[in-house]
Amino acid sequence: VQLQASGGGLAQTGVSLRLSCVVSGGTFHTYALAWFRQAPGKEREFVAAISRSGTTTAYTDSVRGRFSISRDNAKNTVYLQMNSLKPEETAVHYCAARATTIFDQIGGRTPQTYSYWGQGTLVTVSS
């Protein structure tokens, strides 16, 4: 299973970016998916997750209301729409996946929960 994240780049404070992650080599509709981020010198932290069905989502408190996670099973892709970006959100953003038989629960909020990872895409937010 391979995950390929894209969409990162340099953004100014307050603008929006949309990250994409294409999953290949597996059965996409059986995966719960998530986005994490890791800032320089810090641990990897949870950002958002979406259930296998797409009906359940979860967000870390600091992004709730500004970020939106979604999935397109026809395109084997998970997205993270990020609005009103802040400089402290400069980080490498990673997509992650785990196979699950549960349709309506997220896969979890800790990195250890997920089996498959993308290479990361860097988001830099300038003030």
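Which residues does R37 touch, not counting residues up to four places away in sequence? The model on screen is predicted.

**The whole chain**

Start with the protein chain in cartoon view. It holds 11 strands and 0 helices. From the N terminus on, the elements read β-β-β-β-β-β-β-β-β-β-β. The radius of gyration is 13 Å, close to the 14 Å that the globule rule gives for 127 residues, so the chain is as compact as a globular protein of that length.

Of the 127 residues, 43% count as buried.

Colour the charges next. There are 12 positive and 7 negative ones, and their mean positions are 4 Å apart. Then think about contacts along the chain. Among those between residues at least 6 apart in sequence, 61% join residues at least 24 apart.

**Stop 1: R37**

Select R37. It lies in strand 4. Is R37 buried or exposed? At 6% relative accessibility, R37 counts as buried; the cut-off for buried is under 20%.

Here is the reply to the opening question. Leaving out residues up to four places away in sequence, R37 touches E43, R44, E45, V47, S62, V63, F67, E89, A91, V92 and H93. Show the side chains of R37 and E45. A polar contact of 2.6 Å joins them. Then pick the C-alpha atoms of R37 and V47.

**Stop 2: H93**

Move on to H93, one of the residues that R37 touches. H93 sits in strand 9. Its relative accessible area is 1%, so H93 is buried.

Where does the side chain of H93 reach? It comes to the backbone oxygen of A91, at 3.1 Å. Now display the surroundings of H93. Apart from neighbours within four places in sequence, H93 is in contact with L19, W35, F36, R37, L80, M82, G120, T121 and V123.

**Stop 3: T30**

Go to the loop between strand 3 (17-24) and strand 4 (31-38); T30 is found there. T30 has 18% relative accessibility, so it counts as buried.

Which backbone oxygen does the side chain of T30 reach? It is that of T27, at 2.7 Å. Beyond residues up to four places away in sequence, T30 touches R52, R98, A99 and T100.

**Stop 4: T57**

Select strand 6 (residues 57-59), where T57 has its place. T57 counts as partly exposed, at 36% relative accessibility.

Leaving aside neighbours within four places in sequence, they are A49, I50, I69 and I106. Then pick the C-alpha atoms of T57 and A34. The two residues are 23 apart in sequence, and the C-alpha distance is 9.3 Å.

**Stop 5**

Most residues other than glycine have a negative phi. Two residues here call for a look at the backbone.

Take N76 first. It is in the loop between strand 7 (67-72) and strand 8 (77-82). N76 is not a glycine, yet its phi is positive, about 55°. Its relative accessible area is 27%, so N76 is partly exposed.

Now select S84. It has its place in the loop between strand 8 and strand 9 (91-99). Phi of S84 is near 50°, a positive value in a residue other than glycine. S84 is partly exposed, with a relative accessible area of 37%.

What is S84 in contact with, leaving aside neighbours within four places in sequence? Show G14, V15, S16, R66 and E89. E89 is also among the residues that R37 touches. Finish on the pair S84 and S16. They are 68 residues apart in sequence and 6.0 Å apart in space, C-alpha to C-alpha.

How values were computed
Residues numbered from 1 in each chain as written. Predicted model: local features only at pLDDT ≥ 70, side-chain atom pairs only at ≥ 80, totals over all residues. Heavy atoms only, no water. Helix = DSSP H or I, 4+ residues; strand = E, 2+ residues; numbered from the N terminus. Rg over C-alpha atoms; globule rule 2.2 N^0.38 Å. Buried < 20%, exposed > 50% of the residue type's maximum accessible area, 1.4 Å probe, protein only. Contact = heavy atoms within 4.5 Å. Lys, Arg positive; Asp, Glu negative; His and termini not counted. Charge placed at Lys NZ, Arg CZ, Asp CG, Glu CD. Polar contact = N/O pair within 3.5 Å; in protein donor to acceptor, adjacent residues only side chain to side chain.
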